[in-house]
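Good morning, colleagues. Please keep the sequence and the coordinates in view as I speak.

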Amino acid sequence: MVRIARPAGRRTGPIGPGTTRLVGERSMNCLEVRNLYRKYHPKENWALRGVDLQMKPGEVLGLLGPNGAGKTTLIRLLLGMLQPHQGKVRVFGQDPCREPVSVRRRMGYVAEDQILPGTLKVVEVLHIFRELYPTWDRDYEAELLDRFQLPLGKLVSGLSKGLARRLALLVALAHRPEILVLDEPAGGLDPAARREFLEIALTLLHEASTTVLFSSHLLDDVERLAGRIAFLRRGSLVLDRPLTEIQEGFSLLTVPSDSDRPPASLKTLPEPLSLRRRGGDWLAILPIAVETWQENFAEAESFQQAAVSPVALEDLFIEFVEGGKG
């Protein structure tokens, strides 16, 4: 058994502006992560470092981050597939490692690399899942089968990627889960199949008001589904905000400069969430709206050549990946 030294003490300091802390109202959270640390080998960096996260019933959270940021590790911890080296994971108030059956029966899961038995027919897969979930809804199954147009007599190995993903979504939903975890659910699908999958998912989510944790590199998909964004970078949670707050309350500042050091004028602004040099410019993500910039900073002499624009989710992703803060 690999022994991994635990970090000394709890992480202190802010995760990032707007990050939700686990203070009070715990009974209202269906999912809680507290001071979570996990690594895969003693000599490797932490895959997750001091992550705090919570979700309330009915929330749809988009989990973003570059490859290796810790997204899949976090999901595996929530599903009870991994144990933390420090910190706590609670789903419905239970430890998913100690109560895996109780927790997983109340969750649904769809992933890009999810494998259903290829030697079984669709109808046989459905039979197995009916036995696994006491809350399986046969009427809802029939409704989803009609909507998804799945061939019951066909082997899973003979299904197209789009049909296989529909089958995975069906078995994730037919037991009426309280939490649905989507890990790159539309990955590997062609644009038409991806759009169809998302339209189906959107319709079902609106109907069921299910709590959803949605991880994807496809930012357009995240914007269509999520009401809240959490961003992981190098194992740390650097942002946790409602999507509307990001769209309306953040701005991208571009300051021309020949210097390799950030302009001193940036110190007069709210601390940027991300800062990097690109060509002859310094780029910063500011936690203020464009209107706030225009009212309070635009007339300053040091910013006469600066440009400010609203932040799209794609801009935020790029700047968090490339920037030097967080």
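Let me begin with aspartate 240, which counts as buried at 1% relative accessibility; buried means under 20% relative accessible area, exposed over 50%, and partly exposed in between, with a 1.4 Å probe and protein chains only. Aspartate 240 has its place in strand E9, residues 236-242. Helices (H or I, at least four residues) and strands (E, at least two) are DSSP runs, numbered from the N terminus. What does the side chain of aspartate 240 make a polar contact with? Its partner is the side chain of arginine 228, at 2.8 Å. A polar contact here is a pair of N or O atoms within 3.5 Å; within protein, one must be able to donate a hydrogen and the other to accept it, and residues adjacent in sequence count only if both atoms are side-chain atoms.

Before going further, a word on the basis of these values. This is a predicted model, in which local features need pLDDT of at least 70 and side-chain atom pairs count only at pLDDT 80 or more, while totals for chains, interfaces and linings use all residues. Residues are numbered from 1 along each chain as its sequence is written, and side-chain values use heavy atoms, with hydrogens and water left out. The pLDDT, the predictor's confidence in each residue from 0 to 100, averages 86 over the chain, and 90% of the residues score at least 70. Over residues 1-27, however, the pLDDT is below 50, and this stretch has 50 contacts in the model beyond near neighbours in sequence; contact means heavy atoms within 4.5 Å.

I turn now to helix H4, residues 138-148. Which of its residues are buried? They are Tyr140, Glu141, Leu144, Leu145 and Phe148. These residues cover an arc of only 140 degrees around the axis, which puts them on the same side of H4; the arc is that of the directions from the helix axis to the C-beta atoms. As a general point, an α-helix has 3.6 residues a turn, so residues three or four places apart point the same way. The cover over the buried residues of H4 includes helix H3 (122-132), helix H5 (161-173) and helix H6 (191-208). On the face turned away from the buried side, H4 carries the exposed residues Asp139 and Asp146.

Both ends of H4 deserve a remark. At its start, a side-chain oxygen of aspartate 137 reaches to within 3.0 Å of the backbone nitrogen of aspartate 139. After H4 comes glutamine 149, with a positive phi near 55 degrees. Glutamine 149 is found in the loop between H4 and H5 and counts as exposed, at 55% relative accessibility.

Phenylalanine 92 also has a phi near 55 degrees, a positive value in a residue other than glycine. Phenylalanine 92 lies in the loop between E4 and helix H2 (100-104), and at 15% relative accessibility it counts as buried.

Next, the aromatic residues. How many aromatic pairs does the structure hold? There are six, where rings of Phe, Tyr and Trp (its six-membered ring) pair if their centres lie within 6.5 Å; planes under 30 degrees apart count as stacked, over 60 as edge-to-face and the rest as tilted. One of them, formed by phenylalanine 129 and tyrosine 133, is stacked, at 6.3 Å centre to centre with 15 degrees between the planes. Both phenylalanine 129 and tyrosine 133 are buried. The rings of tryptophan 293 and phenylalanine 303 have their centres 5.0 Å apart and their planes at 70 degrees, so that pair is edge-to-face. Tryptophan 293 lies in helix H9 (residues 290-296) and phenylalanine 303 in the loop between H9 and strand E13 (307-310), so the pair ties together parts that are ten residues apart in sequence. Tryptophan 293 is buried, with a relative accessible area of 3%, and phenylalanine 303 counts as buried at 3% relative accessibility.

The charged end of arginine 38 lies over the ring of tyrosine 40, 5.2 Å from its centre, and that of lysine 39 over the ring of tryptophan 46, 4.6 Å from its centre. Thank you for your attention.

How values were computed: Lys NZ or Arg CZ within 6 Å of the ring centre and 35° of its normal.
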